Amino acid sequence: MISDRADVALPQLLELDAYRRFNPDLAGLPDPELVKHYIVHGEREGRRSNALGSRADFAALVPPGAEALEIGPFNNPLLCGERVRYFDVLTRAGLIERAQQMGLPPERTPEIDYVSTDGDLTVVDAVFDVVLSSHSIEHQTDLIAHLNTVARLLHEGGRYFVLAPDKRYCFDHYMNPSSLADVLEAHYERRTRHTLANVLSNGALSTHNDTGRHWAGDHGKYLENLRARYEATLTEYDRRKETYIDVHGWFFTPASFKAIVLALQTLGHTSFEIERIYPTRFNANEFWAVLRKRSVKSAP
Amino acid sequence: MISEWAGLALPDMLDLEAYRRWNPDLARLADADLVRHYIEYGETEGRRSNALAWRTDFVALIPPAADALEIGPFNSPLLRGPNVRYFDRLTQADLIERARFLKMPAEGVPAIDFVSEACDLAVVDRTFDAVLSSHAIEHQPDLIAHLRAIERLLREGGRYFVLAPDKRYCFDHFFAPSTVAEVIQAHHERRTSHTLKSVLDAYALTTHNEPARHWANDHGTYMENVESRIREGLTAFAEANGAYMDVHAWFFTPRSLRLLVLALQSLGYTSLELERIYPTRQNANEFWFVLRKPAAFGP
């Protein structure tokens with residue numbers, strides 16, 4: 001079944017009219033100069049270059065008529081509507097309780113259609129036009145398995161909308177972008193727990209999470225309180241030996257994410273193609289990507 | 001036992017007179033500006049900033065009278081003399097055979113005093129004033145275990161002289177510098193062979209090995225022929241079946257190495273102190289550093 005309900009035109013990465021409109025200092029530049037400006041400066045400066053102004057705009061690219069699955073909405077779903085289904089690690093009641101414990105507003109927590117305490121998407125027994133996840137892909141222990149599972153939940157031509165932290169502008173600032181070899185190793189190991197290196201990175205090498213400060217070039221001190229943080233993390237790691245510790249397994253920039261997905265595609269590890277990557281905006285800490293499940297051309 | 005050479009003076013990373021002499025364009029800068037120049041530009045530009053011009057000058061910092069161990073000399077030892085001992089994976093006869101097999105000159109292969117096929121330094125049953133290794137440290141599956149083994153071979157105040165590739169200027173260009181978290185994980189796993197990640201890095205994600213091109217910002221194409229190279233890496237890894245494959249496990253820059261040693265020290269993984277670091281020179285692909293085993297002060 002080929003998904004056509006989701007077949008909408010997505011904004012280009014760079015739309016010249018919008019780039020001019022939202023960047024008055026560039027209004028006088030002719031088109032070729034504008035393109036050059038975006039490539040040389042605009043992307044790195046996080047300038048707005050198309051119709052998308054916020055993450056809500058990105059989520060609104062999902063057409064209301066599409067059958068959609070949102071992964072991990074917790075107390076704050078990005079998609080709403082009668083054709084939207086939700087997957088999470090707890091039931092609605094469980095999520096509400098958790099939100100209350102964390103001092104978060106529980107009102108918007110949706111009814112969860114598919115629950116798996118260990119985040120196993122194979123419990124979902126339907127197929128969708130769209131899957132969306134926000135700050136979830138970087139937690140997957142086996143990224144390739146995750147992409148393959150999501151692909152199975154999509155009709156041909158269906159899309160996976162991804163919102164992911166840009167490691168440069170969040171507490172992951174000092175981490176190295178994950179390499180293709182890391183991603184492949186995790187897959188061949190069928191990794192289901194994060195590595196000690198990832199747990200230690202998260203516990204002992206992470207820095208502040210103040211996006212504005214990162215954009216201003218203030219990344220906090222590397223290796224601050226290393227000893228105390230290291231010891232606490234290692235104790236926690238040993239205590240929870242066999243259980244899943246929820247940390248970031250992957251560190252992306254828009255460029256590194258693109259390189260990894262392209263390589264996985266070349267290697268035949270994913271049927272996803274990159275349709276769009278919208279780089280991180282000024283004073284934001286996430287980028288947005290749309291992956292599209294290749295439609296297999298049917299024989300005449 | 002305290003090393004007789006514990007008090008040896010090593011050149012500073014930045015020696016102002018030498019910096020002026022070797023960089024005529026800076027001759028007129030006042031001392032304070034010269035220091036600032038080195039910090040802001042000189043180090044990144046790979047300018048010569050002290051008496052050391054070549055790797056041979058670095059090696060010559062080890063006094064001939066000192067008891068020294070060279071790790072992995074193969075067919076071209078850096079140290080020579082009556083007080084030098086050698087450690088390698090194979091005996092002299094086997095190394096000569098290997099050099100011939102690789103069509104490399106075999107005359108330089110020294111008599112090997114300590115042989116361990118598994119590269120286990122524990123076979124060395126004495127201590128030294130100096131240990132030296134060249135392009136060996138980045139191959140150690142468990143870097144912390146390696147440093148600890150070296151520590152045991154050194155007398156108090158003794159030194160470990162290391163020549164290591166700067167990942168920015170060799171085929172490792174596209175890799176991220178190794179983090180202390182990765183180094184600790186390898187140690188907790190008591191790793192004795194390389195991971196699939198390291199093997200895939202080496203087979204599929206390395207680039208050209210011409211330092212001058214790297215210095216000229218020509219780093220080659222990332223992920224060139226990635227598909228066939230990943231397949232070769234996977235096959236080689238499977239065929240090795242857990243046996244040691246000789247690839248780089250660690251990627252350093254002078255700066256990342258400094259932070260790494262500081263972190264390992266503060267976490268109690270090593271007592272070795274970073275005494276000197278001599279950053280990579282223009283058009284070279286290696287940097288040099290000296291780790292020192294602290295000498296306990298006697299009464």
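Before I list partners: I count two strands as paired if DSSP finds at least two bridges between them. I'm also keeping in mind that this is a predicted model.

**Entry 1, strand E2 of chain B.** I started with E2(B), residues 84-88, and checked how enclosed the strand is. I count a residue as buried if 20 or more other C-beta atoms lie within 10 Å of its own. On that cut-off 4 of the 5 residues of E2(B) are buried, so the strand is largely enclosed by the rest of the structure.

**Entry 2, its neighbours.** Next I looked up what E2(B) pairs with. E1(B), residues 68-71, runs parallel to E2(B), and I found 4 bridges joining them. For Leu69(B) I noted Arg85(B) as the bridge partner in E2(B). Then I turned to E3(B), residues 114-115, which is also parallel to E2(B) and joined to it by 2 bridges. Here Phe87(B) stands opposite Phe114(B).

Which helix goes with E2(B) and E3(B) in a β-α-β unit? I got H4(B), residues 92-101, and the unit is right-handed.

I moved on to the interface and found 24 residues of chain A in contact with 23 residues of chain B. On the chain A side, I have H6 (180-188), H7 (196-205), H9 (226-239) and H10 (254-266) each supplying at least two residues. H6(A) gives the most, with 6 residues. I also sorted that side of chain A by class: 16 residues are nonpolar, 5 polar and 3 charged.

Key
Residues are numbered from 1 along each chain as its sequence is written. Chains are lettered from A and ligands numbered from 1 in the order in which they are written. This is a predicted model: local features need pLDDT of at least 70, side-chain atom pairs count only at pLDDT 80 or more; totals for chains, interfaces and linings use all residues. A residue is buried if 20 or more other C-beta atoms lie within 10 Å of its own, exposed if 12 or fewer, and partly exposed in between; C-beta atoms are placed from the backbone. A crossover is right-handed if, with the strands pointing away from the viewer, the path from the first strand over the helix to the second runs clockwise. Two residues are in contact if their C-beta atoms, placed from the backbone, lie within 7 Å. Ala, Val, Leu, Ile, Met, Phe, Trp, Tyr, Cys and Pro count as nonpolar, Asp, Glu, Lys and Arg as charged, and the others, Gly among them, as polar.
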